[in-house]
Amino acid sequence: MSVSPMQKTTPIIQVDRLSAGYGDTLILDGVSFSVFPGEIFIILGGSGCGKSTLLRHIIGLEIPRHGTIHIDGEPIPSEDGTVSSAVLQKIGVLFQSSGLIGSMTLAENVALPIRQYLHLQERSIRDMVSLKLRMVDLEGYEHHLPSQLSGGMKKRAGLARALALNPKILFLDEPSAGLDPITSAGIDRLILRINESMGTTMVIVTHELESIMTLAQRVIMLDKAARGIIAEGDPHRLKIESEHPIVRQFFHRQAGSETR
Amino acid sequence: MEASPPPAPPSFRSSEPPPGLITVLDGTTLRIRLHGRIDRATCSDILPRVSACFRVTPFETIEIDFSETTRFDDYGVLVLLEIRRYAHRLGKPLSFVHVAEEVSKILELTGFDRMIERSGIDKPSPPNVLVRLGAFVIECFQNAGTVVSFLGNLMLLFLYVLRHPASLRYDDTVLYMRTTGVDALPIVGLISFLLGLIMAFMSSLQLAQFGANVFVASLVALAMVSELGPIMTAIVIAGRSGSAYAAEIANMGISEEIDALKTMGFDPVLFLGIPRMVAAMLMIPILTLFSDIFAIAGGLLVGVTMLDLTPVTYMSQTLKSLRLFDVVWGMLKSGVFAFLISWIGCLRGFQARGGASAVGHAATSSVVTSIFLIILFDSIFAVVRSYL
């Protein structure tokens, strides 16, 4: 059996037997998977299956009950319960509600991580902010406050901020949720362009079928009842070949039982 | 479950020579070779060295050579922008050679070709004083219009509730009565007690010289019941409950709850404003009464322990000094203050637009405006009383 290129590559994210939950509720139990450099990896599943919980654990916002997470070989969180500055510079996060600071303009929002981590002159920071906003087609909106933007524009601005430090890995939580199909397709195209041009590894949480089929090179599907992964692989193949009833329901948009 | 291979990331040459700019004068062409990594990790070191490239003279054209570039990202574009600035300043044409595919992709992604020389994110210069003054006056008039219009709306709805008592949301009103009144009693009581104590102590220092200790009771009672009781209670409630009204309503506006009420056919002012107003107007006069009692108790403590007065003497002097009119006047004032606090709290909440900062602004603004109006109306009451 030949060895695939993936098997030869060291994973950039390694999740091993992760268990997570809130209070008495266990949401994820023994979840393991790997993400490889440069790939677009999608975490999908129905509402309440723990997609966002998994993402929050990977980026270090929550502490796992059991199991380990490594980003680029470093444990998340580290022994002192925090995420190191070195790891924080390797990741960018686009939150579901964009997470832009409401009292700051877009330029100030995008400049935040650049000022925090890089020692650049003010003119270079302004140039870089301008470049980042141009990348997401928000040129000319530098002085706008987030409240003055539409939902799609907020997402793109959040993406520009997430990209500010050219992270190795970009985490996107529901990047196209609540957007019209044209705007949503625009965000998908932007994600593809960034992945192709900069080689950024993308970890996307979504349940938008269109986006999954357009973007994903590999997916894992979570299920609420299983508290873990029920399918993994190429979404196009899963759609055709998977025998799992929930996977079939998901990819063929069939109604399922809510009482599961 | 077996995973399929991911695509290979964009490739660069694996050898990593030290990064930098190598300048070569080739005839009349200044060739700048971007050497090694020109990216986020190196740009802060390379950028200050750009100016040194242009010390070579004379040259007519500038050529940027990417043949030795091993890694390039959009922070590398910052270096190009810096070189282009110098080229423009000197009026020399600029061209690129040996541009790798990876570099092209980054240049395309960042829209380098379309970048104008001047970055567009400099803050616009502020308008002159006259324009700002004009804008301020216009804003004041617009604000006054909104304030009066909201006041009219509130009054009309209040009259409507008096004629249609069933339209009042009783559960909410009782809840706000508890939060505005009952929950505030400890702090109002404590502040009033201490105020009465301080007044009695300070006045006794003067009155004791004339052997008029007993008039400490009169001073505390009159000052608290007609002036300080209503005003102190109103200020505490403005800070405690008025700001909460503003923040709650502002937050509801931002999270589209008020829009939802409108679409369901509710009048948001009737739904959210009137219960708060009714609760405040019922509870603040009662709190004022408690404030008077606690202040007199504070004065009594000083009178008995420091001024050799008996409790009976102190209380009989207090009752002798007070008229029913003074108590009613104080409560009437506190009723008006309650109206002002709820009016401004709700107004600022409904006016809030934007994000989280708007909530803070609404709360702060409601406290400042309420306290100003409380003092203003107290002055009006003082003038009116002088004619009674």
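The model is predicted, so local features need pLDDT of at least 70 and side-chain atom pairs count only at pLDDT 80 or more, while totals for chains, interfaces and linings use all residues. Residues are numbered from 1 along each chain as its sequence is written, chains are lettered from A and ligands numbered from 1 in the order in which they are written, and side-chain values use heavy atoms, leaving out hydrogens and water.

Strand β7 of chain A covers residues 169–173; helices (H or I, at least four residues) and strands (E, at least two) are DSSP runs, numbered from the N terminus. Five of its five residues are buried, so β7(A) is largely enclosed by the rest of the structure. Here buried means under 20% relative accessible area, exposed over 50%, and partly exposed in between, with a 1.4 Å probe and protein chains only. One side of β7(A) carries A:Ile169, A:Phe171 and A:Asp173, the other A:Leu170 and A:Leu172, and both faces are covered.

β7(A) also has strand partners, where pairing takes at least two DSSP bridges between two strands. With strand β6 of chain A (residues 91–94), β7(A) pairs in the parallel sense over four bridges, and A:Gly92 sits opposite A:Leu170. On to strand β8 of chain A (residues 201–205): five bridges join this parallel strand to β7(A), with A:Ile204 as the bridge partner of A:Leu172. Helix α7 of chain A (residues 181–198) carries the chain from β7(A) to β8(A) in a right-handed β-α-β crossover; that is, with the strands pointing away from the viewer, the path from the first strand over the helix to the second runs clockwise.

Now for the cores, each a set of buried Ala, Val, Leu, Ile, Met, Phe, Trp, Tyr and Cys residues joined through side-chain atoms within 4.5 Å. The largest nonpolar core has 83 residues, and B:Leu34, B:Phe54 and B:Phe72 have the most contacts inside it. Helix α2 of chain B (residues 74–90) gives the most to this core, with nine residues. Apart from it lies another core, of 40 residues, including B:Trp343.

Helix α11 of chain B (residues 324–351) holds B:Lys333. That lysine counts as buried because its relative accessibility is 0%. Setting aside residues up to four places away in sequence, B:Lys333 touches B:Ser226, B:Glu227, B:Pro230, B:Asp378 and B:Phe381, contact meaning heavy atoms within 4.5 Å. As for α11(B) itself, 20 of its 28 residues are buried.
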